[in-house]
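Subject: Structure for you to look at

Hello,

Here is the structure I promised to pass on. Please open it next to this email and follow along.

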Amino acid sequence: MLRLSTPVWGALAVFAAALTPTALIPAASHAQQLELKIMAPAAPGGGWDQTARAMQQALTASGIARSVQVTNVAGAGGSVGIAQFVNSAKGDGNQMMVNGFVMVGALIMNKSQVTLDQVTPIARLTEEVQVIVVPASSPIKDAKDLAEAIKTDIGKVRFAGGSAGGVDHVMAALFAGTIGADASKVNYIPFSGGGESLAAILGAKVTAGISGLSEYDGQIKSGKLRAIGVSSPKRIPGIDIPTFKEQGIDLVLANWRSVVAPPGITADQRKSLSAVVEKMTKSPAWQDILKQKGWDDAYLGDEEFAKFLKSENERVTAVLKSVGLVKS
């Protein structure tokens, strides 16, 4: 029987390793090396912060990444965060930033020199319907009561929501416009984080609050807030809140959230990040989070999302002009 010496075996082992395709290397080894940073360009407590931390949870729980660090940079509807992201993270294939509908409008409203054209689209993640709430002690019981208050004196009806030009602001303007009021006169008070706006609503410092349904869900269920309507086209199964449409107000609107990478990354880095996020969205951990938060899965891959982002920028610009929030 032929016996090979130890040096020969060693040489063969090195040769075999050299021929081993990269694809055969266990995926877990890549996860052990992957360390990501995700920026939420808003204060803690809001939708972007929740999305970033949901990604952190799903990526690590699924073993897709070894560690995920979340940072918050608040201000001007994400305008401060995106400026920092574009300048400091350029070319870094391990960084991403959460954004969405709110940022599109905020950048337009603020006439920002930094635009979404400068980031690298990775994926659209979720959609969520909007809700208008009032304190439990408010005399406003439903959407019709709110409509009457606006028609009586639009200046006295104070709305609390996210940053100027975002989905909450657009919704307040669309609500007013739909009932025949002057949308450009809406008394809207922007807050940089969900916690701040919630405190203003609970303290009755404003008439009503607007946000994604998940952000106020706990306070609605506890009875501290009264939901007077959701912006879905039909009632949401299992949620006892009437739509605006069924109350005679033709208002349907969805907020979407997404994730982007810095400018200047390579095609391979973009492909890698896109694959990581796609794998995350298919994980049981992410699907469980969607159910817990009441978010709808609205995943779009990088190329489709890039097209969507361009069209959404055009649509939001048109809406803001139509309600007088942006001059033509």
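Lys245 is partly exposed, with a relative accessible area of 43%. (Buried means under 20% relative accessible area, exposed over 50%, and partly exposed in between, with a 1.4 Å probe and protein chains only.) Its salt-bridge partner is Asp250, at 3.8 Å from N to O. Asp250 counts as exposed, at 55% relative accessibility. A salt bridge here is a side-chain nitrogen of Lys or Arg within 4 Å of a carboxyl oxygen of Asp or Glu.

Before you go on, note that this is a predicted model: local features need pLDDT of at least 70, side-chain atom pairs count only at pLDDT 80 or more, and totals for chains, interfaces and linings use all residues. Residues are numbered from 1 along each chain as its sequence is written, and side-chain values use heavy atoms, leaving out hydrogens and water.

The structure holds twelve salt bridges. Glu35 and Arg66 form one of them, with the closest N and O atoms 1.9 Å apart. Glu35 sits in strand S1 (residues 35-40) and Arg66 in the loop between H3 and strand S2 (67-72), so the pair ties together parts that are 31 residues apart in sequence. Helices (H or I, at least four residues) and strands (E, at least two) are DSSP runs, numbered from the N terminus. Glu35 is partly exposed at 39%. Arg66 is partly exposed too, at 49%.

Now look at Arg257 and Glu215. Are they buried or exposed? Both are buried. Their salt bridge has its closest N and O atoms 3.7 Å apart. Arg257 lies in strand S9 (residues 254-261) and Glu215 in helix H9 (residues 213-222), so this pair links parts that are 42 residues apart in sequence. Salt bridges with shared partners join Glu128, Glu215 and Arg257 into one network.

Helix H11

Find helix H11, residues 284-293. Which of its residues are buried? They are Trp286, Ile289 and Leu290. These residues cover an arc of only 100° around the axis, which puts them on the same side of H11. The arc is that of the directions from the helix axis to the C-beta atoms. An α-helix has 3.6 residues a turn, so residues three or four places apart point the same way.

What covers that buried side? The cover includes helix H3 (47-61), strand S4 (120-135), helix H10 (267-281) and strand S10 (296-300). The face turned away carries the exposed residues Pro284, Lys291 and Gln292. Gly294 follows H11, and its phi is positive, near 75°.

Parallel strands

Strands S5 (residues 158-161) and S6 (residues 187-190) pair in the parallel sense over four bridges. Two strands pair if DSSP finds at least two bridges between them. Arg158 stands opposite Asn187 in S6. S5 also runs parallel to strand S7 (residues 208-212), joined by two bridges. There, Ala160 stands opposite Gly209.

The whole protein

The protein has twelve helices and ten strands. Of its 328 residues, 51% count as buried. Take contacts (heavy atoms within 4.5 Å) between residues at least 6 apart in sequence: 78% join residues at least 24 apart.

Best wishes
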